[in-house]
Amino acid sequence: MKPRPCGCKGARTCLICETQYGANDFKPLIELDKSKGYVYCPFCDLAWPGWDAELYKKHPNHTGQPIKYPGIYIKLDFISKDEENELMKHIDEMPWDISQSGRRKQNFGPKTNFKKRKIVADTVLTMTPFKGDTKKYNLSCAEEYPPIIKEDGSLNLQLQACSQSMFEACRPLSQLDVIVRIPMIRRSLALMYGEPRYHWEHCILREDILARRVCIAYREFTPLYLTNGQHKCIGDNIRSKAEQFWDHRCISEQEL
């Protein structure tokens, strides 16, 4: 299906294009077996049987037999309420671009072609107070993020703002046929690395988007762009440009 005004492309859909642009027949049907669900607890670093997003709050009074889920670290209250308000104030002062599945985004860093696995080194955008990319999830769009396996860098660092959501990780074709629900807790910093990042499919369910949520994602270079890597010079060039901060309040929307 052709790109729609809401920003969705192909099989990606949101409530807007499903109801206004005839994309209802193309929406992905993500059906997960909730009986295989576990909810990760950031306090004890274990995943406990269940599906309820609030299950981790029962710590230490969990029930059932937990499983280990290494490769996830969540730092609660990484920023304060005042810092969150200040951060969101400045983020919302900049324009949001439309994106797939009803999201809105702000990109910073080099432009990347994920299909060709290439970086366009000459398109580096930097800003203050942070570097990375920002995604805004809207309740009015109620998007659903389909299962994917990440391939960009060995670490994924995310700062959550505005509301809480859940992040599903599953390995339906493996011996460990379970679904681990990871709470994306407001004002927390979540780090994903190793096995969960590369060998588990990740998705966000529409049912878990209860309010506006902003995710600030930081990604590291793959080894190709690091010391001794094939594209080290490109990586060095990008890191050099990343030190050139600018104040978005001094630039007009036409220049952006």
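**Entry 1: Asp208**

I started with Asp208, which sits in the loop between strand 15 (201–204) and strand 16 (213–219). For the record, helices (H or I, at least four residues) and strands (E, at least two) are DSSP runs, numbered from the N terminus. This is a predicted model, where local features need pLDDT of at least 70, side-chain atom pairs count only at pLDDT 80 or more, and totals for chains, interfaces and linings use all residues. Residues are numbered from 1 along each chain as its sequence is written, and side-chain values use heavy atoms, with hydrogens and water left out.

Is Asp208 buried or exposed? I get buried, at a relative accessible area of 8%. My terms here: buried is under 20% relative accessible area, exposed is over 50%, and partly exposed lies in between (1.4 Å probe, protein chains only).

Next I looked for a side-chain partner and found Arg181, joined to Asp208 by a polar contact of 3.1 Å between the side chains. A polar contact is a pair of N or O atoms within 3.5 Å; within protein, one must be able to donate a hydrogen and the other to accept it, and residues adjacent in sequence count only if both atoms are side-chain atoms. Setting aside residues up to four places away in sequence, Asp208 touches Gln164, Ser165, Met166, Glu168 and Arg181. Contact means heavy atoms within 4.5 Å.

**Entry 2: the whole chain**

I stepped back for the overall numbers. The chain has four helices and 16 strands, and 44% of its 256 residues count as buried. I also checked contacts between residues at least 6 apart in sequence: 69% of them join residues at least 24 apart. The accessible surface comes to about 14,200 Å², with 54% of that belonging to carbon and sulfur atoms; areas are from the Shrake-Rupley method with a 1.4 Å probe, and for residues only the protein chains shown count as cover.

**Entry 3: aromatic pairs**

How many aromatic pairs does the structure hold? I count two. The criterion is that rings of Phe, Tyr and Trp (its six-membered ring) pair if their centres lie within 6.5 Å; planes under 30 degrees apart count as stacked, over 60 as edge-to-face and the rest as tilted.

Phe43 and Tyr56 make a stacked pair, at 6.4 Å centre to centre with 25° between the planes. This pair links distant parts of the chain, 13 residues apart: Phe43 is in the loop between strand 1 (37–41) and strand 2 (46–49), and Tyr56 is in the loop between strand 2 and strand 3 (67–68). Phe43 is partly exposed, with a relative accessible area of 47%, whereas Tyr56 is buried at 5%.

Tyr69 and Trp200 have ring centres 4.9 Å apart and planes at 85°, so I logged the pair as edge-to-face. Here the two residues are 131 apart, with Tyr69 in the loop between strand 3 and strand 4 (72–75) and Trp200 in the loop between helix 3 (195–199) and strand 15. Both Tyr69 and Trp200 are buried.

Arg187 is in the loop between strand 13 (179–184) and strand 14 (189–193). I find Arg187 buried, at 14% relative accessibility. Beyond its neighbours within four places in sequence, Arg187 contacts Asp77, Phe78, Ile79, Ser80, Lys81, Glu84, Leu159 and Gln160.

I flagged its backbone too: phi of Arg187 is near 70°, positive in a residue other than glycine. Cys162 also has a positive phi, near 80°; Cys162 is in the loop between strand 11 and strand 12 (165–170). I noted a cis peptide bond between His59 and Pro60, with omega about 5°, and placed Pro60 in the loop between strand 2 and strand 3. I wrote these down because most residues other than glycine have a negative phi, and most peptide bonds are trans.

**Entry 4: a cavity**

My search of the whole structure turned up three cavities of 30 Å³ or more. On a 1 Å grid over the protein atoms alone, a cavity is a set of points where a 1.4 Å probe fits but cannot get out; lining residues have an atom within 4 Å of a point. Grid points are joined across faces, edges and corners, and a volume is the space filled by probe spheres set on the points.

I picked the second largest cavity, with a volume of about 80 Å³. Its lining includes Ile72, Asn156, Phe167 and Ile182. Which strand gives the largest share of this lining? Strand 14 does, with three residues.

Technical notes: On a 1 Å grid over the protein atoms alone, a cavity is a set of points where a 1.4 Å probe fits but cannot get out, and a pocket is an open set with protein on both sides within 12 Å along at least five of seven lines; lining residues have an atom within 4 Å of a point.
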